Amino acid sequence: MINWEKALLDADFSFKLGQLTNMNVIEDYVGELVGTIYMHRHIYEREILTPRSVKEQIDRLITKGKAEIVDLSTLPSPLEKSLYHEMVTLLKAADAETKELGKNWGETVSLAYAKVSGIPYFLSDEKSLQALADEYLNTDAQHSITIIRLKDFMRVLVIIVLLTILYKILYILNVVNPHFSDATPKRRKQNNRYIGTDNLIM
């Protein structure tokens, strides 16, 4: 069911999913759709302070080995650390509103880390982020970064939920009638009308 092998997770994306207090969407669904979730330490320690359930879900994913907290110290080589600093400087200069340890800093350091470490996806609901990544970071098609907006994630989630419901219905029908899936004849009469199985969309 994994759609995205590796992805960084932004604060705004986490916050909005955290508003769904009756569900653990980050743990149960983001954790299911993303192979490994990465979160920059700046976001983890300074930005996902509320709702409390967000950090709790991230912590459980870390315990399960599904999530990691990353920053400059987790980059393995001096070259990557140097490139990271260069990317941060480049992105900070590209956006006049970005303030170190302040506004847009989580997105800045996350994008820099994604570029240097080869993480292809960033779950963020910032509208202008894809344009920023395209202009300054996505110069190499093989190592480009795609921003997954919340609406994109929810679209995939809805499809998965609908498919899950469909599978459950088919399972129940097969339990009630074990011959449902291979019932014959293929055309059956219902309310004086014939319905062909060729018209069913599965």
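I started with Pro51, which I found in the loop between helix H3 (41-46) and H4. Helices here are DSSP runs (H or I, at least four residues), strands are E runs of at least two, and both are numbered from the N terminus. A cis peptide bond joins Thr50 to Pro51, with omega at about -10°.

I noted the ground rules next. This is a predicted model, so local features need pLDDT of at least 70 and side-chain atom pairs count only at pLDDT 80 or more, while totals for chains, interfaces and linings use all residues. Residues are numbered from 1 along each chain as its sequence is written, and side-chain values use heavy atoms, with hydrogens and water left out.

**Helix pair**

I looked up how H2 (residues 25-33) packs on H4 (residues 52-63): the angle is about 45° and the axes are 8 Å apart. Axes are lines fitted to C-alpha atoms, for helices over the stretch in contact, and angles run from 0 to 180 degrees between N-to-C directions. That makes H2 oblique to H4. The cut-offs are under 35 degrees for roughly parallel, over 145 for roughly antiparallel, 65 to 115 for roughly perpendicular, and oblique for the rest.

Which residues of H2 make the contact? I listed Val25, Ile26, Glu27 and Gly31. From H4 come Val54, Gln57, Ile58, Arg60 and Leu61. Contact means heavy atoms within 4.5 Å.

**Loop between H5 and H6**

I then moved to Asn104, in the loop between helix H5 (78-94) and H6. Leu101 is also placed in the loop between H5 and H6. Leu101 has a positive phi of about 65°, although it is not a glycine. For Asn104, phi is positive too, near 65°.

What does Asn104 touch, leaving out residues up to four places away in sequence? I found Asp95, Glu97 and Thr98. The side chains of Asn104 and Asp95 make a polar contact at 3.2 Å. That term means a pair of N or O atoms within 3.5 Å; within protein, one must be able to donate a hydrogen and the other to accept it, and residues adjacent in sequence count only if both atoms are side-chain atoms.
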